[in-house]
Amino acid sequence: MSEPETPDTYLKGYTQALTSACATGRRLTRDELDSLRGQGERAAETGIGLRALIRAHLAAAQAVRRTLAPTAAERLLAAVEQAVDAFVEGHERAQRLAVRQEEAARREFIDDLLYGRSDLGRLAERAERFGLLLSRAHAVAVAEGSGPYDDGHRVTRGVETALVSRFGDRRILLTTKDGRLICIAPGDQSDVLDFFAKHACAATGGGRVALGRAHPGAGGVVHSYEEALNALELAGRMGLEEPVLHASDLLVYPVLTRDRQAMADLVRTVLGPLKGARGGAQPLIETLTVYFDTGCVSAEAARRLSLSVRALTYRLERIHKLTGADPADPVHRYTLQTAVIGARLLDWPNEEV
């Protein structure tokens with residue numbers, strides 16, 4: 001069994017170079033400096049701390065000093081400075097390379113995890129390295145703001161600091177993808193994602209966060225991630241104003257659009273006549289949207305639309321006349337509201353369906 005490596009292991013040629021440089025008054029040669037850089041790199045690769053390595057270099061320099069004549073000893077400090085600078089340069093270079101390799105491995109893992117690529121067994125092994133146990137269920141939260149965010153962005157660092165301070169070493173992974181912040185947490189720890197949502201909204205200056213449902217296995221992470229993305233996309237199309245969206249609260253919308261052709265037929269049949277109104281269908285659809293969102297309370301709907309109650313009533317009567325469906329009638333209301341939701345999902349009448 002080989003002896004464990006110590007800081008003294010990486011002093012090869014160091015004292016000889018100091019002694020020679022001090023004796024002649026020369027600077028360290030290129031070969032000597034390259035050797036020191038190489039030893040710094042190797043020391044970094046073994047994980048020995050830089051503080052211990054510097055102490056070993058200073059102790060060795062003290063030993064050299066005792067062997068030097070007074071005139072030569074005066075040159076020691078300059079030689080030590082050169083030598084240690086080269087050694088630290090090599091150590092830092094190795095550290096930067098290790099960080100880049102770690103970042104590349106982490107980014108590759110994130111891509112494979114969120115896109116469902118790679119062998120699941122191998123993916124599970126890699127996940128443990130980054131703090132996830134894919135044998136458990138996980139949920140994913142996705143936050144977006146006014147601009148794109150990467151792993152080094154101040155917003156990302158701020159949210160990560162808050163998470164670590166609050167939850168310590170829980171198995172949480174915070175990352176970025178396509179300019180969005182992403183938090184992956186065990187499915188039974190909803191407090192983590194709620195905390196992430198609160199801080200992400202604040203850090204992004206009023207951004208929006210969507211939380212997917214918890215699903216088991218590696219494929220469950222992908223499923224939850226896609227639910228969160230779909231919730232964000234749906235919120236944009238539907239004009240939802242809530243800063244935090246839960247995919248579980250929006251399940252009705254995918255159901256309504258599962259048969260897109262049937263939904264398009266409903267929109268055309270029920271709301272198509274509104275295109276003949278003065279000003280087109282859009283103002284009347286907006287009227288219905290607000291009317292239904294307020295629970296069919298005319299006064300509140302009129303306030304939100306900046307209309308008088310009389311003007312709102314006129315619009316509702318106009319809709320009734322054009323479509324044959326009365327928004328105030330409970331039977332007609334369901335059909336109209338479903339058609340209005342479909343119009344918003346399909347972006348009608350801006351897009352023909």
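Author: A residue is called buried when its relative accessible area is under 20%, exposed when it is over 50%, and partly exposed in between. The model is a predicted one. By these limits, Arg-26 counts as partly exposed because its relative accessibility is 27%. The side chain of Arg-26 meets that of Glu-32 in a salt bridge, with 3.0 Å from N to O.

In one of them, Arg-93 is joined to Glu-41, and their closest N and O atoms are 2.6 Å apart. This pair links distant parts of the chain, since Arg-93 belongs to helix α5 and Glu-41 to helix α2 (residues 30-46), 52 residues apart. Arg-93 has a relative accessible area of 36% and is therefore partly exposed. Glu-41 is likewise partly exposed, because its relative accessible area is 23%.

The other pair also involves helix α5. Asp-151 forms a salt bridge with Arg-107, the closest N and O atoms lying 3.0 Å apart. Here, too, distant parts of the chain are linked: Asp-151 sits in the loop between β1 and α7 (154-167), Arg-107 in helix α5, and 44 residues separate them. At 34% relative accessibility, Asp-151 counts as partly exposed; Arg-107, at 24%, does so as well.

The largest nonpolar core has 30 residues, of which Phe-109, Leu-113, Leu-132, Leu-134 and Ile-184 touch the most other members. Helix α5 (76-115) is among the elements that give two or more residues to this core, together with α6 (120-129), β1 (137-144), β3 (180-186), α9 (217-238) and α15 (330-346). Of these, α9 gives the most, with nine residues.

Leaving aside neighbours within four places in sequence, Ile-184 is in contact with Leu-113, Leu-114, Leu-132, His-138, Ala-139, Val-140, Arg-171, Ile-172, Leu-173 and Val-221. A separate core of 28 residues lies apart from the largest one, and includes Leu-274, Leu-284, Ala-301 and Ala-343.

Definitions and conventions. Residues are numbered from 1 along each chain as its sequence is written. This is a predicted model: local features need pLDDT of at least 70, side-chain atom pairs count only at pLDDT 80 or more; totals for chains, interfaces and linings use all residues. Side-chain values use heavy atoms; hydrogens and water are left out. A nonpolar core is a set of buried Ala, Val, Leu, Ile, Met, Phe, Trp, Tyr and Cys residues joined through side-chain atoms within 4.5 Å. Buried means under 20% relative accessible area, exposed over 50%, partly exposed in between (1.4 Å probe, protein chains only). Helices (H or I, at least four residues) and strands (E, at least two) are DSSP runs, numbered from the N terminus. Contact means heavy atoms within 4.5 Å. A salt bridge is a side-chain nitrogen of Lys or Arg within 4 Å of a carboxyl oxygen of Asp or Glu.
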